[in-house]
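Take a moment with the model below before reading on. The text then walks through it part by part.

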Amino acid sequence: MTLSYFTRTVSNYSRRLPEAACGKSQEAFDVNSITGFLPAQPLRRLPKEYDIWETALVEAQTVLSLGTDSSNVALAKRQDGLHWRGAIREWPVLSIDNLRDDVRRLQRAHYVLAFLVHWFVHSIPPTEPPSPVQVPRGLAMPLVAVSHLLRMAPVLTFADTVMWNAQPENPDHPVSVDNLRFEHLLSGTEDEYNFYLMSARAELQAVEALHVIKSYHDLPNTTDLASVTKIGRDLARVTAVIQDITATLESSRGMIDPHSFYFNVRPWWKGSDGDGPDSPGWIYEGVTGMDQKYLSGPSAGQSAAMHALDIFLDIDHKLAKRRSPAPSKENKKADLGFMERMRQYMLGQHREYLEYLASTPRPLREVVRQNPALREPYNTAVRTLKKFRDVHIRIACLYIVSMSKSQTQIPSQCPASAMLNKAMNEANENREPVRGTGGTALVPLLKAGRDATARTVLQ
Ligand code: HEM
């Protein structure tokens, strides 16, 4: 039995809109009025017949370490790791029939299986020369089948690590900024935990903006004085939300150690193409027609909330619209399809919601253009988003670019020391660009997003 995948499903799907979506509530897109894109009560465990998956996930935390980690602690675990992976290679391909009619079960299955795939792949010690990793069919086939039903990429995503990993600390209440804990970590570090916490906080802070967006779409018209006044006030609320998200992002400096983030956490997130175009890649056994560009791993670029803000304010990441100042040469060379590609890593319904927003017959920027009273609050919101991206670039430089260029040798007790020192030295010698999710060149990408935002300001 083989499964054939994926691109067709995802791209055909987008054509069914926007007609079908018209007049739908946010709930119809699985967007919760309190928790936004996070489920208010995620499922805690799959039905009993899937116990081998759940048990392997719990075991992984104690028996595995990064394959590139040559510390004594990691070496002591190698045998257990071999055992763990050996058992998975023998797994039967479980039927997903008992999951297919329940979106929370499907999400939980995606979450468990995608974590297992990343545990499996990244706990294997590297080979020389590098060779493709075979993901066993007992993992690959159900993950692909479940992803097909959720209409999302069959790999670890932002949804798995942040949105479906967040459980309410007090289960009697929905998840909230103050009622949140994360169930599984790959590296087991506080830095990973805090990255998820920060990302989930930003996601929850954005819920207020989702309310604004909804009420804008519900307005009977955008021309009478009451509507214009409301839009102006709501734009100020959006500005405040973006400021809150920026403050959350800035809090990373005190909560996440750059060294640990780069060397202990990030390697677990790498996808099949994480080392750039020459990555040896992953092979999903029993699956044909896999497109490696949908195996890139998690990124906050997959946050539907950030996309919703971009769409509402009409940020043109693809440089398709004539705006001034004209894009720089560097902007044009960036990966302009990145943000669109990242949408394939979202739950299909969330992507559908974004398409619904984008298909509005009354784009906000046009309404503002025709209404001088709205120009100032609109431009302030856009400039605040541009400031978020300025801060984000500085954070990305601190946590990724400077770490990747660091000549400092990593102390030998530090996980991954020997391999990473070697890899870092080689990378420096070869002057490879620093890469983000999907092996994309990072700095031009982030700057292009920042400049596209600046270009949105109405003159
Ligand atoms: C330590 C904190 C963070 C670091 C080091 C970081 C790093 C990165 C990197 C390297 C990328 C490029 C694509 C990729 O490789 O994934 C990226 C993209 C992105 N990140 Fe972050 N990020 C951080 C926190 C956040 C937070 C909290 C948010 C959301 C509020 C966020 C939102 C985004 C968005 C929307 C993108 C897509 C590109 C863009 O819109 O400019 N990031 N981030």
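What follows goes from the whole chain to its iron site, pocket, cavities and backbone details.

This is a predicted model, in which local features need pLDDT of at least 70, side-chain atom pairs count only at pLDDT 80 or more, and totals for chains, interfaces and linings use all residues. Residues are numbered from 1 along each chain as its sequence is written, and side-chain values use heavy atoms, with hydrogens and water left out.

Start with the overall build. The protein has 19 helices and six strands. Helices (H or I, at least four residues) and strands (E, at least two) are DSSP runs, numbered from the N terminus. Of the 459 residues, 55% are buried. Here buried means under 20% relative accessible area, exposed over 50%, and partly exposed in between, with a 1.4 Å probe and protein chains only. The protein exposes about 19,800 Å², and carbon and sulfur atoms supply 54% of that area. The areas come from the Shrake-Rupley method with a 1.4 Å probe; for residues, only the protein chains shown count as cover.

Contacts say how the chain is put together. A contact means heavy atoms within 4.5 Å. Among contacts between residues at least 6 apart in sequence, 80% join residues at least 24 apart.

Now turn to the iron. Which residue is the only protein donor of the iron atom of the ligand? The donor is His392, through NE2, at 2.1 Å. Donors are N, O and S atoms within 2.8 Å of the metal (3.2 Å for Na, K and Ca); water is not among the atoms, so sites may look incomplete. His392 sits in helix α17, residues 372-405.

Another histidine, His110, belongs to helix α4. His110 counts as buried because its relative accessibility is 0%. Leaving out residues up to four places away in sequence, His110 touches a set of residues that includes Leu143, Val146, Met152, Pro154 and Trp164.

Next come the empty spaces. Rolling a probe the size of a water molecule over the atoms shows where empty space is left. The search uses a 1 Å grid over the protein atoms alone. A cavity is a set of points where a 1.4 Å probe fits but cannot get out. A pocket is an open set with protein on both sides within 12 Å along at least five of seven lines. Lining residues have an atom within 4 Å of a point. Grid points are joined across faces, edges and corners, and a volume is the space filled by probe spheres set on the points.

The second largest pocket has a volume of about 730 Å³. It is lined by 32 residues, and Ile311, Ile315, Lys318, Arg343 and Ala358 are the closest to its centre. Helices α1 (7-14), α8 (207-218), α12 (304-313), α14 (338-342) and α15 (348-358) each give at least two residues to this lining. The lining of the second largest pocket holds 13 nonpolar, eight polar and 11 charged residues. In this scheme Ala, Val, Leu, Ile, Met, Phe, Trp, Tyr, Cys and Pro are nonpolar, Asp, Glu, Lys and Arg are charged, and the others, Gly among them, are polar.

Cavities of 30 Å³ or more number four. Helix α3, residues 72-89, gives the most to the lining of the largest cavity, with six residues. Among the residues that line this cavity are Val63, Lys77, Arg85 and Ser123. The second largest cavity holds about 50 Å³. Its lining includes Pro39, Arg104, Tyr111 and Trp164. By class, that lining has five nonpolar, one polar and two charged residues.

Finally, look at the backbone. A cis peptide bond joins Glu128 and Pro129, with omega about -5°. Pro129 lies in the loop between α4 (103-122) and β2 (133-135). The bond from Ser324 to Pro325 is also cis, with omega near 0°. Pro325 is in the loop between α12 and α13 (329-333). That loop also holds Leu319. Leu319 is not a glycine, yet its phi is positive, about 55°. Asp30 has a positive phi too, near 60°. Asp30 lies in the loop between α1 and α2 (51-63). With a relative accessible area of 19%, Asp30 is buried.
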